[in-house]
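Open the model in your viewer and keep the sequence panel beside it. The stops below say what to select next and what is there.

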Amino acid sequence: MRILIIEDDKEAASYLVKAFREAGHVADHAADGLDGYAMAEEGHYDVLVVDRMLPKLDGLSLIRSLREQRVETPVLILSALGQVDDRVKGLRAGGDDYLPKPYAFSELLARVEVLSRRRASAPNTEPTLYRIADLELDRLSHRVTRSGQEIVLQPREFRLLEYLMKNANQVVTRTMLLEHVWDYHFDPQTNVIDVHVSRLRAKIDKGFDKPLIHTIRGAGYMVRVGADGDEE
Amino acid sequence: MNAPMSALGKLVRTTAFKLSFAYLLIFTVFAFVGMGYVAWNAQRLLTQQFISTIETEIDSLSNLYRFGGLRRLVTSVERRSRAPGALLYLVTTEAGERVAGNVGALPPDVLSRTGQFETLYNRTDETETRPDTAIVRVYLLPGGFRLLVGRDIEERRRLQEVIYRAFGYSLLFIVVLGCVGGWFITRRVLKRVDDMTEITRHIMTGDLGGRLKIAGTGDELDRLAQNLNDMLDRIGELMRGMQEVSDNIAHDLKTPLTRLRNKADEALRTASTPDELKSALEATIEESDNLIRIFNALLMIARLEAGNAREGLADFDAAEAVRDVAELYEAPAEEAGVSLEVSVEDDLPIHGSRELLGQAMANLLDNALKYGAATGGAPPTIGVSAHRSDGEVRIAVADRGPGIPEAERGRVLERFVRLETARSRPGFGLGLSLAAAVARLHGGTLLLEDNGPGLRVILALPLKAVELPQPPLQSAA
């Protein structure tokens, strides 16, 4: 995955470039809004990570200009500002996700990876059926089956599984789950999300040999086929 | 900053000076008009009196002449001429030769004029040659003789002089008094304004404890000073708040930072296998995540209290938001062996941030789960409710735990305050502060009550005023 980091703080930028490269991605860096705009327009990046406050051209204007030029690369906005409507402003300008500073890198990485995947599958061709191994989730009939056996889920559990399966093989953080399943953007302090996931896991994985919902330590959860264990 | 004005320039520019000057001008004009009228009237009266005296004399003398002939006239004129303070008399022949009277030289042609008029004259008994002025009347007697009767108007002139002098003096008096008075008033006002300027400058350069003097007169300047003082109090409060926060941050962040550093240090010294190193690193990351959480919570509280979060507010249904959060916490509560009793009234529109209300609710539920474990065999329940009451939405989270002693209730809303009983459990002491800040942002309050037993935390938020339904817009196209 090719990532462009547009960030004027050199130290933060070089940390991000290094961290993304270690995670197996290609990362470039632009130090101001104009350079960033030029690089984003020409280079074929999968995701842009844009700081809100940039010299020469601020982050939101940059995103707006790119969208006007029909550059639809997913954008994640990093912001040290934190007004209540900051996120809304960012998304309205054409950003796809928003992360307030300070953040944990694992959170940023998970969000960037999800964004890049979203790009790969065009929004209109979103499948109506998610399948992973023997687990199936039908988005139209709201039915979930494993090995042909129907699993009864609460509406919220269904949405949780839906989001996890939509982003199968990718790390999904607790904050992302709270955002997409409950539509709240705060940091879940205690283990609320963990409890919901473990309940879901009890319904999905109990009685089956291969667990599908995995805990990724220090990051979040992942639905995938394979051994449970630490990644990253 | 302007260049300092000269004292006079400053004086001239003051409102007080301008007002005094205008009043002075108006007063002077009035005095002029009033005194001028008095002077003019006095003159007129005197002249009238003079004329009537002259008329009477002429009447009586012409009668004497008519009945007693020239001799009696002459005798009478001579006698009257000699009386002290006499009028002016002159009897002449037709040719103008003097027959009797006390008038010596007269300008030529005077005797041929009729009616009253003013003329210069000399008395016969006077030695000096400077002529005086008089009002005279010439009367033609039968037989060609002329009778002149007149009155000296020196008196009138002197009166005029007196009036004019009085006029001058009083004018001078008014101007001087007006100037001095105006100057004093201006000085007084200027002095107070200058004092205020001086004190505010002093305060600006760092002495925030300074306050403006209140004269106690209740005038505009007093009110201004009072407002400035109130403002300074508020600024002082905010400064103290900031100070407290930064002290607390310094203190409370040092602990986890030190722990973080020590963990890394220890790992560096003692860890020998990659697994040990890895787990040490994971522990440090966890510790830094906690730090990030504390920072985020602190920043959020600071932003809420600065009041600049207001622009992102919108209308939403508090009932739905409360149900959502309650649902989020149902599973964790169940896991902890606590039953969540939710009782939410439908349709509770408020103006604010669903996000922040959710966060505040989450904090309260977190607290209830952490500290609200039932005591003394009571069934472990947490009550979540939201109801309308007196134009307010009262959202309550009630537990059956030990509660908070009344004396401590005010304190726990402060940042980083954790009761002794809570020290052993994870947390930063920011949850209630944040919830209180959220309540304030919504124009409401956070109340702590006894749930007998347990703690009931209430977010009392103003209901959104019901809007009248808008008429549907007509499409022009």
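A residue is called buried if 20 or more other C-beta atoms lie within 10 Å of its own, exposed if 12 or fewer, and partly exposed in between, with C-beta atoms placed from the backbone. This is a predicted model, in which local features need pLDDT of at least 70 and side-chain atom pairs count only at pLDDT 80 or more, while totals for chains, interfaces and linings use all residues. Residues are numbered from 1 along each chain as its sequence is written, and chains are lettered from A and ligands numbered from 1 in the order in which they are written.

**Chain A as a whole**

Select chain A. Of its 232 residues, 40% are buried. Its secondary structure comes to 8 helices and 12 strands; helices (H or I, at least four residues) and strands (E, at least two) are DSSP runs, numbered from the N terminus. Two residues are in contact if their C-beta atoms, placed from the backbone, lie within 7 Å. Among chain A contacts between residues at least 6 apart in sequence, 55% join residues at least 24 apart.

**Two helices in chain A**

Select residues 155–166 of chain A, helix α6, together with helix α8(A). They pack at an angle of about 85°, with their axes 10 Å apart. Axes here are lines fitted to C-alpha atoms, for helices over the stretch in contact, and angles run from 0 to 180 degrees between N-to-C directions. The angle makes α6(A) roughly perpendicular to α8(A), a label for 65 to 115 degrees; under 35 counts as roughly parallel, over 145 as roughly antiparallel and the rest as oblique. Show the side chains of E157(A), L160(A) and L161(A) on α6(A), and of H196(A), R199(A), L200(A) and I204(A) on α8(A): these make the contact. By class they are 4 nonpolar, 1 polar and 2 charged residues. Ala, Val, Leu, Ile, Met, Phe, Trp, Tyr, Cys and Pro count as nonpolar, Asp, Glu, Lys and Arg as charged, and the others, Gly among them, as polar.

**Where the chains meet**

Now show both chains. 22 residues of chain A are in contact with 28 residues of chain B. Which helix gives the most to the side of chain A that touches chain B? Helix α8 of chain A (residues 192–205) does, with 4 residues. That side of chain A has 9 nonpolar, 8 polar and 5 charged residues.

**Chain B and one buried tyrosine**

Select chain B. Buried residues are 23% of its 477 residues, and it has 8 helices and 12 strands. Go to Y65(B), in helix α2 (residues 15–82) of chain B. Y65(B) counts as buried because 23 C-beta neighbours lie inside 10 Å. Leaving out residues up to four places away in sequence, Y65(B) touches L70(B), L73(B) and L141(B).

**The sheet in chain B**

Select the open sheet of 5 strands, in the order β2-β1-β5-β4-β3 (chain B), with antiparallel pairing. Strands count as paired if DSSP finds at least two bridges between them. β2 (98–101) and β3 (115–121) of chain B stand at the edges with a single partner strand each, so one side of each has no neighbour in the sheet. The twist averages 30° from one strand to the next.

L90(B) has G101(B) as its bridge partner. Finish at G96(B), which takes a positive phi near 100° in the hairpin of β1(B) and β2(B), with 5 residues between the strands.
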